[in-house]
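Work through the following exercises with the sequence and the model side by side. Try each task before reading its solution.

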Amino acid sequence: MSADDSSRAIAPAAVSRAARPRRRRLALWLGAAVAIVAMAVALALGALFWAVHQASASAWLLGLVPGLTVVEPKGSLVGDFAATRIVYVVGNVGELRLDAPRWHALAADRGDHGRWLHLVIDTLHADRAVWIAARTSRPVGP
């Protein structure tokens, strides 16, 4: 057997030993990435849970909804909530105004029979609800 033949026999073993640390590093990186994603999802769900159960966080959360204006919100979204006025602008169609909207004992549960959310409200009331249609500019014909 020549010197070249003996080096060929040793080479695959050396390659497999070198590949093990690479695989371990890759597994560690993938594990860390999965852990970071899981942590981000858990933090997002925790923040959402906190936001709907705390009064100040609920007011902040409502401020993030595009087209929604809530005047003097009181209470949390889950539980008891009231406001002086809520105005929701629906694109170019119009706006919905609710004067003194309030609800008591809103509860959110996991849905059943294929539904993902089940909401229960003990009482829901608004002093006045008004739909104001957007004015469309129609060309005046001859």
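A salt bridge is a side-chain nitrogen of Lys or Arg within 4 Å of a carboxyl oxygen of Asp or Glu. The structure is a predicted model, in which local features need pLDDT of at least 70, side-chain atom pairs count only at pLDDT 80 or more, and totals for chains, interfaces and linings use all residues. Residues are numbered from 1 along each chain as its sequence is written, and side-chain values use heavy atoms, with hydrogens and water left out.

**Exercise 1. Salt bridges**

Find the salt bridge partners of Glu95, Arg85 and Asp127, and describe how exposed the residues are.

Solution. 

Step 1. Glu95 pairs with Arg97, and their closest N and O atoms are 2.6 Å apart. Glu95 is buried because its relative accessibility is 16%, whereas Arg97 is partly exposed at 32%.

Step 2. Asp127 pairs with Arg102, with 3.2 Å between the closest N and O atoms. Asp127 lies in the loop between β7 and β8 and Arg102 in strand β6, so the pair ties together parts 25 residues apart in sequence. Strands here are DSSP runs of E with at least two residues, numbered from the N terminus. Asp127 is exposed, with a relative accessible area of 53%, and Arg102 is partly exposed at 32%.

Step 3. Salt bridges with shared partners join Arg85, Asp99 and Arg128 into one network.

Step 4. Within the Arg85 and Asp99 pair, the closest N and O atoms are 2.9 Å apart. This pair links distant parts of the chain, with Arg85 in strand β4 (residues 85–90) and Asp99 in strand β5, 14 residues apart. Arg85 is partly exposed at 34%, and Asp99 is buried at 15%.

Step 5. The count of salt bridges by this rule is five.

**Exercise 2. The open sheet**

In what order do the four strands of the open sheet lie?

Solution. 

Step 1. Two strands pair if DSSP finds at least two bridges between them.

Step 2. The order is β2-β3-β6-β7, with antiparallel pairing. The edge strands, each pairing on one side only, are β2 (74–75) and β7 (118–125).

Step 3. Strand β3 (residues 79–82) runs antiparallel to β6 and is joined to it by three bridges. Gly79 has Leu106 as its bridge partner in β6.

**Exercise 3. Nonpolar residues inside and outside**

Which residues make up the largest nonpolar core, and which form a nonpolar patch on the surface?

Solution. 

Step 1. A nonpolar core is a set of buried Ala, Val, Leu, Ile, Met, Phe, Trp, Tyr and Cys residues joined through side-chain atoms within 4.5 Å. The largest has nine residues: Val52, Leu62, Leu68, Leu77, Phe81, Ala83, Ile86, Trp103 and Leu106.

Step 2. Contact means heavy atoms within 4.5 Å. Not counting residues up to four places away in sequence, Leu77 touches Val52, Ser58, Leu61, Leu62, Trp103 and Leu106.

Step 3. A nonpolar patch takes residues with over 30% relative accessible area and no salt bridge, whose nonpolar side chains (Val, Leu, Ile, Met, Phe, Trp, Tyr) are joined within 5 Å. Val65, Tyr88, Val93, Leu96 and Trp131 form one with about 430 Å² of accessible area together, by the Shrake-Rupley method with a 1.4 Å probe.

Step 4. Trp131 is in strand β8 (residues 128–133) and is partly exposed at 44%.

Technical notes: Patches are made of residues with over 30% relative accessible area and no salt bridge: like charges are joined within 9 Å, nonpolar side chains (Val, Leu, Ile, Met, Phe, Trp, Tyr) within 5 Å. Buried means under 20% relative accessible area, exposed over 50%, partly exposed in between (1.4 Å probe, protein chains only).
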